[in-house]
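Here are my notes on the model you sent over. Have the structure open while you read.

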Amino acid sequence: MQILVVEDDQALAEGLCTALRRQNYAVNSVSSGRDALHVIRAETPDIAILDLGLPDMDGIDVLKQARSQHPALQILVLTARSHIEQKIIGLDSGADDYLAKPFEIPELLARLRVLERRLGTAKATQIIVGEVKLDTSNNSVVLGDNELELSRREFMLLRSLMENVGRVQTRNTLETRLYSWGEEVASNALEVHIHNLRKKLGSDFIKTVRGVGYRVNQQ
Ligand code: CA
């Protein structure tokens, strides 16, 4: 597992690299957006830990360019910006997860393990979370032993949530999925579909992240 640390705070960068190497990750470290994009192109790391406050470029621009250069890259954003809109912009711009500074190293390592699992399941056609098994090859969803009947929109929303297990899907991301069918969607459509999914899956499977969106947790 190759990790690129993008952080201009030298002390924090060194601390991160030391902690990650201790966990047997292969770690490279850069301190500017330009260098980050170069390394992402040249070395295609598996995971990037990206500080949004960089000296030469806006971190959101780095994030967007990194995402388009290397779609499979898992990106964990570090942000001193505690304001919730900034987190949503980061997630909408392609971040896989975010961590607000200051953070504890064990918290960072836990987030990295989620990203690693996601890398491992990205190519699978079956996604299993707890009792729920979703198969993208035949669009089926099984809960325990029972096959569920989902509308195509419900399936699409559930797939998006399960493919991103452990990570918040913003309302904006999920609504874009609904609109991508090119049909009229009522303003409360997302809530209605989530409500219906909860009736079929149990009320606990899809968690509401207040003010941000929804998440399915690893179980
Ligand atoms: Ca910084």
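Predicted model: local features only at pLDDT ≥ 70, side-chain atom pairs only at ≥ 80, totals over all residues.

1. Let's begin with the calcium ion. Its donors are Asp 8 (OD), Asp 51 (OD) and Gly 53 (O), at distances of 2.2 to 2.3 Å. Along the chain these donors are spaced as D-x42-D-x1-G. Asp 8 sits in the loop between β1 (2-6) and α1 (10-22), while Asp 51 belongs to strand β3 (residues 47-51), so the two together tie parts of the chain that are 43 residues apart in sequence.

2. Asp 8 comes out as partly exposed, at 31% relative accessibility.

3. Now the sheet. It is open, has three strands in the order β10-β12-β11, and its pairing is antiparallel. The edges are taken by β10 (169-170) and β11; each has a single partner strand, so one side of each has no neighbour in the sheet. Between β11 and β12, which run antiparallel, there are four bridges. If you want a residue pair to look at, Lys 207 has Arg 215 in β12 as its bridge partner.

4. Which helices touch this sheet? α6 packs on it, with contacts to β10, β11 and β12, and its direction makes about 65° with that of β12. α8 lies across β11 and β12 and runs at about 145° to β11.

5. Those two helices also meet each other. The axes of α6 (residues 152-163) and α8 (residues 189-201) come within 10 Å and cross at roughly 80°, and therefore the helices count as roughly perpendicular. On the α6 side the contact is made by Arg 153, Glu 154, Leu 157, Leu 158 and Leu 161; residues they meet in α8 include Leu 190, His 193, Ile 194 and Leu 197. By class, the residues of this contact are seven nonpolar, two polar and three charged.

6. Last, have a look at Gly 211, in the loop between β11 (206-209) and β12 (213-216). Its relative accessibility is 64%, which means that Gly 211 counts as exposed.

Methods:
Residues numbered from 1 in each chain as written. Heavy atoms only, no water. Axes fitted to C-alpha atoms, helices over the stretch in contact; angles between N-to-C directions. Parallel < 35°, antiparallel > 145°, perpendicular 65-115°, else oblique. Contact = heavy atoms within 4.5 Å. Nonpolar A, V, L, I, M, F, W, Y, C, P; charged D, E, K, R; others polar. Buried < 20%, exposed > 50% of the residue type's maximum accessible area, 1.4 Å probe, protein only. Donors = N, O, S within 2.8 Å, 3.2 Å for Na, K, Ca; no water. Pairing = 2+ DSSP bridges.
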